[in-house]
Each structure stands twice: as C-alpha cells, then as structure tokens.
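Visitor: I would like to know what stands behind the labels. Please show me the model first.

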Amino acid sequence: MSVMQTYKRFDLNFVQGEGVYLTEKSGEKYLDFVAGIAVNALGHSHPVIVKAITEQAKKLIHISNLYHDDNQIALAHKLVSLADHHAVFFTNSGTEAIEGALKVARKYGKDKGKSKILYMTDSFHGRTMGALAVTGQAKYQEPFAPLIGDVVEVSFNNREDFLAKMDDKVCGVIIEPVQGEGGINPVDPEFLKTIKEACDDKDALLIFDEVQAGIGRTGTFFAYQGFDVVPDVIAMAKGLGGGVPIGALMVNQRADVLTFGDHGCTFGGNPLVTAVSRAVVDVISDEDFLEAVKAKGAYFKEKLLPLVAAYDYIKGIKGRGLMVGVTIDTEKMAPGTIVSEAIKHKLLIVGAGKDTIRLVPPLVVTYEEIDEFMVRFKNTLEALKPQA
Ligand SMILES: Cc1ncc(COP(=O)(O)O)c(C=O)c1O
C-alpha cells in the first residue's frame, strides 16, 4: 500500500455519488450521513457545483495571489456582508484557517505584550503544529510535543476555570460554538457570554472555529448567528466549498491586523475554488434554505428521540440543525460497533469524541431521506440486539 497508513479505512471504494447516495465499486448504493465529514453540504454531484467547476475550469484555474481575481473578490465580499465583518483571507483547509487565526491573535497582542491563547478541553482545531497546540485532546498532541508555547487549556463550559485562567496576557480565546470531533457538544450560551465580556474587558480576540459548525450546518449561515455573541475572528472550511478544498478566516475591523508580507498561501482562494464556493454560498445563504435546515434538523431529532427509550445503550440526542449526535453508553456498546454494523445496512455514519455517533448529512437531505435513514439505523440497532 503506497498511501501512508494514517487512516483506518473501511473496506469500501466509492466511484460515484448523487445527492445523499454514494455508489460503491460493487454497484451497491449507500446512504451518506457523513457527507465527507460535514463537507458535501449540497450532496454529491449537485448541478450547481458541477456547472461552476466545468465553466470555471474552461476559463481559469489558478493564477496565485499576486493578481486580482473577480471570483475571490466577490466571495470575500459576500462572506463579509453575511457576517458584517471586515476582511477575509483564503486558505485550502480548516487547519490553515486556524493557523491564520492564531497568527492574527498573536499579532494583535504583540505591541500590547500579550501572547497567551486559551483553548478548550475536547476541542479540535486541526493537525498542523499551531492548530494542534490548541486542540484539547492529548492523543493528538502527545506524539508531536513540544508544540507552540503560551497556550492554556480551559475546561469547556466551565466558567470558573475560564475566569481563573483569563488575564491581561491573553491575546485570544479560541472555541468551537458546537464541538464537532469532540462529540457534538454545543457551547453553553452563558459560558460564551462570559468569554465575550472577558475578551472585551481584557482586550483579547474571540476566535470562533466554525470549520465544522459553520456554513449553514446548524441552521444559520454562520454558527455564531445562533448564539447571542459576535466573535472577532471566524475560521471556516468544510462546507464552504461543498467538496472543493477551500477555507477562510474572517476578521472584524479590530482584528484586521495582518498586513503586507505577514501571511500567504499559494493556492488559497484560487479562481476555481472561489467560483465553486460562490455558487455554494449563494445556495446556502438563502433564508428559505437555512430555515429548511432548522426544520429538518428538528424533525430528525424528533425521529431519533424515541431511540433513547428503546435501546438501553442510547443515552441522548444532541446538537443543532443538521449537526446531530447520538450519545452512547460505552459500557454497554462501542460506537464503532454501530458504525461498522451500519455499513452492512448500506448506511454511512461516523463517530465523534469518546461516546457519540455523529450524523451530519448533506444539508439538501429531504424528509424522505431522513425517514430512510431511520429505517436503516433501526435495522442496524436491531441487528446488534443480543439474540435470545
Ligand atoms: C472544528 C474543526 N476545526 C478544524 C478542523 C481541521 O480542518 P481540516 O481537516 O480541513 O484541516 C476540523 C476538521 O475536522 C474541525 O472539525
């Protein structure tokens, strides 16, 4: 095997996709509630994406950031206006968006003599050395220590712990509004309010990692719009390109501190990916589309809820919009066993954190497809029942 073995892969090889279905080499179709790990927001082979790729590929794919490009300008303008922010820097991935956000915080604090960055337990911000340093999960960090310094971990949703660690030396606080990899854990709005007030009080930047929760996933275009707090910096990726690699960090006026030569990215926001992202963002930012995500998310949770009473190892249903988690009692059932069994029922799902099954279907999923999910998921759970 010539591919480096950093992923434990399932024995599946997909050759085609349409909507929420993927077709395997064998010809069998799978219902996809993973969506490339919350990436394929418009599903597979969406005509809007296919059109944007083919039309743009005929014109121009890449020019570097030495020159202007109308797609990049228009996309930046659209994102800024959706958030009432100030400026955007384009990257190729989520982890690079986080790297940029950390550099913004460090530069913001430089002249003020501040360099400390606070991050949360069970967070996930990416695999590069900076993002890893603020990822509150020892298993990802330990093999690569020492990481960047002056970063301090705070217990997620723990106000006292946060206030004990927040001081004048802090230049930035980074948090996911809904933790994704950590197990679909929404932030407590009161905790968020405390952080926002403290950031303003101590002159630190509030950074939201919306790589997984942003771009319509939780039922608002940006996840922060579902909370009563506006961050200074927003990192995004995943759904932003609907499948093409694009990420971004966006800053408000006060956080607009990176100037000529401070940062760069050869591929970042090239004409191809920004053309696609423009098309994707146009679809997702539509109010009716976002309302539908909310309504489908509520319907999905309502359908899942009876499972808590029906299966003794299902402890609860959580999440926002179409970012949904099923909490498993791991003393009774391993989440990985459910994920593997689901494949036998032609259903793709993925774990998150220590005890959660994560359900992040394409945002275009229909009510009928949610019903179809319920049939396959229940069949999966029934098959795992001990035989009498
Ligand atoms: C919240 C969050 N931040 C950052 C990342 C890293 O993104 P990428 O894998 O695109 O580098 C992820 C990836 O899962 C994520 O969920």
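Visitor: What covers the buried residues of H9?
Guide: The cover includes helix H2 (47–59), helix H3 (70–83) and H10. Contact here means C-beta atoms, placed from the backbone, within 7 Å. This is a predicted model: local features need pLDDT of at least 70, side-chain atom pairs count only at pLDDT 80 or more, and totals for chains, interfaces and linings use all residues. Residues are numbered from 1 along each chain as its sequence is written.

Visitor: Why is H9 called largely enclosed?
Guide: Ten of its 14 residues are buried, so the rest of the structure largely encloses H9. A residue is buried if 20 or more other C-beta atoms lie within 10 Å of its own. Among those in H9 are Leu 272, Val 276, Val 280 and Ile 284.

Visitor: What makes H9 a helix, and what is its span?
Guide: Helices are DSSP runs of H or I, at least four residues, numbered from the N terminus; strands are E runs of at least two. H9 covers residues 271–284 and has 14 residues. The expected span is 1.5 Å times one less than the number of residues. That gives 20 Å, and H9 reaches 20 Å from its first C-alpha to its last.

Visitor: Which domains is the protein divided into?
Guide: Domain 1 is 14–46 + 287–383, and domain 2 is 47–284. The bounds come from an automatic or database domain assignment.

Key. A residue is buried if 20 or more other C-beta atoms lie within 10 Å of its own, exposed if 12 or fewer, and partly exposed in between; C-beta atoms are placed from the backbone. Two residues are in contact if their C-beta atoms, placed from the backbone, lie within 7 Å.
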